[in-house]
Amino acid sequence: MINLETPRKFRAFVNQAHQVAAEMLRPNSRRYDLAEHEYPKELDLLAAMVDGLGASGTGSGAGAGGVRRTDGDDDGKIKNGSNLSSVLSIMEMCWGDVGLLLSMPRQGLGNSAIASVASDEQLRRFDGVWAAMAITEPGCGSDSANIRTTARRDGDHYVLDGEKIFVTAGARCDAVVVWATVDKSLGRAAIKSFVVGKDTPGLTVERVEHKLGIRSSDTATIRLTGCRVPAENLLGSPDVDPDKGFAGVMQTFDNTRPLVAAMAVGCARASLEVTKELLKEAGVEVDYDRPVHLQPAAAATFLQLEADWEAAYLLTLQAAWMADNSRPNSLQASMAKAKAGRTANDITLRCVELAGSIGYSEHELLEKWARDSKILDIFEGTQQIQQLIVARRLLGKTSAELK
């Protein structure tokens with residue numbers, strides 16, 4: 001049975017993550033939001049610290065280093081493993097700054113993809129690589145099964161051709177995990193992921209985007225033209241199994257969606273804490289012992305937002321805990337992502353509203369958190385896609401039966 005208290009073995013690590021967020025990330029938050037595309041050099045020291053914690057066994061990094069599910073390891077004992085420690089630490093780090101977390105070396109979403117589906121040999125070979133993840137294309141957003149980037153086998157290599165957009169950390173990373181089809185005629189079953197080094201001939205960074213939020217994180221467009229990738233860089237099995245379909249690649253999402261949910265939970269909590277202090281300064285006390293209808297409207301709204309936050313928090317813990325205990329969590333991962341992403345949007349915007357002119361100005365970080373939170377409802381699968389996945393799981397429908 002899941003225990004909702006932070007496991008004792010993670011408490012020191014979570015406290016360290018909070019301390020880093022308070023002393024390094026949040027103080028630099030406004031600076032790198034204004035200096036878009038400037039690399040946050042402070043993160044090099046932080047990344048070295050995270051690597052040290054991971055090597056010592058006292059932590060699992062900011063979330064990308066250990067989200068891995070092992071088949072056949074169910075010994076009947078309840079586990080609190082790397083998935084749970086990752087979401088707990090991400091919540092703390094994004095309490096500091098979402099964009100800076102996404103800029104952390106060797107903690108990219110591509111690293112989560114590698115950790116999810118790579119073989120043991122690949123895990124060793126790609127250890128220490130900073131990997132971005134390239135899924136979205138100009139004509140293919142949330143429908144990942146409609147990917148048009150191709151991977152053609154040529155001897156001991158695959159030749160990749162296509163264009164990828166909105167690649168987080170795409171300009172700064174060492175490698176990109178590229179999703180491509182090895183046979184368009186076979187549909188989603190033929191989608192595979194490849195680790196492509198940034199120095200590989202044929203891979204070019206076309207541009208870096210200007211964005212509404214997470215401005216300290218670079219978001220790039222990448223083009224692949226005759227890009228030759230060693231066959232051993234294909235993650236997972238090279239076999240195309242129509243019966244298994246998209247399952248191997250989608251396992252990545254089952255692991256990364258709780259991480260994005262954790263980002264949303266952390267960002268929303270930061271907004272709630274600052275707003276509560278501002279309300280207190282304005283003479284509005286949030287009284288947890290009085291009925292909502294007997295409290296000021298601002299306090300009643302705040303209590304509603306806190307309740308929504310709690311639901312998102314608990315769903316995120318559940319999805320991560322299930323992964324740690326080798327339980328299928330596709331439904332719970334999508335529920336957590338859908339609830340947390342939408343809740344973070346709602347909370348951060350309502351906090352701006354509750355804080356009035358202070359919330360809308362740069363006097364506080366509330367307006368920045370409202371901008372940052374929007375992407376958390378979009379990437380790793382939009383709100384609408386998550387609801388569709390949840391509906392399919394609950395109704396027992398296939399993607400062909402429920403579109």
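## A tour of two loops and a helix pair

Start by selecting Glu380, which sits in the loop between α11 and α12 (383-395). You're looking at a predicted model, so treat each stop as a feature of that prediction. Check the backbone here: phi of Glu380 is near 65°, a positive value in a residue other than glycine. Is Glu380 buried or exposed? Its relative accessibility is 9%, so Glu380 counts as buried, the cut-off being under 20%.

Now jump to Ile214, in the loop between β6 (203-208) and β7 (219-230). Here too phi is positive, at about 35°, and again the residue is not a glycine. Ile214 counts as buried because its relative accessibility is 5%.

Next, select helix α9 (residues 330-355) together with helix α11 (residues 366-376). How do they pack? The angle is about 160° and the axes are 9 Å apart. That makes α9 roughly antiparallel to α11, since angles over 145 degrees fall in that class. The crossing of the pair is left-handed.

- On α9, pick Lys337, Gly341, Ala344, Asn345, Thr348, Leu349, Cys351, Val352 and Ala355.
- On α11, facing them in the contact, pick Leu366, Glu367, Trp369, Ala370, Ser373, Lys374 and Leu376.

Colour that selection by residue class and you get 9 nonpolar, 4 polar and 3 charged residues in the contact of α9 with α11.

Note on methods
Residues numbered from 1 in each chain as written. Predicted model: local features only at pLDDT ≥ 70, side-chain atom pairs only at ≥ 80, totals over all residues. Heavy atoms only, no water. Axes fitted to C-alpha atoms, helices over the stretch in contact; angles between N-to-C directions. Helix = DSSP H or I, 4+ residues; strand = E, 2+ residues; numbered from the N terminus. Parallel < 35°, antiparallel > 145°, perpendicular 65-115°, else oblique. Left-handed = near helix turned anticlockwise from the far one by under 90°. Contact = heavy atoms within 4.5 Å. Nonpolar A, V, L, I, M, F, W, Y, C, P; charged D, E, K, R; others polar. Buried < 20%, exposed > 50% of the residue type's maximum accessible area, 1.4 Å probe, protein only.
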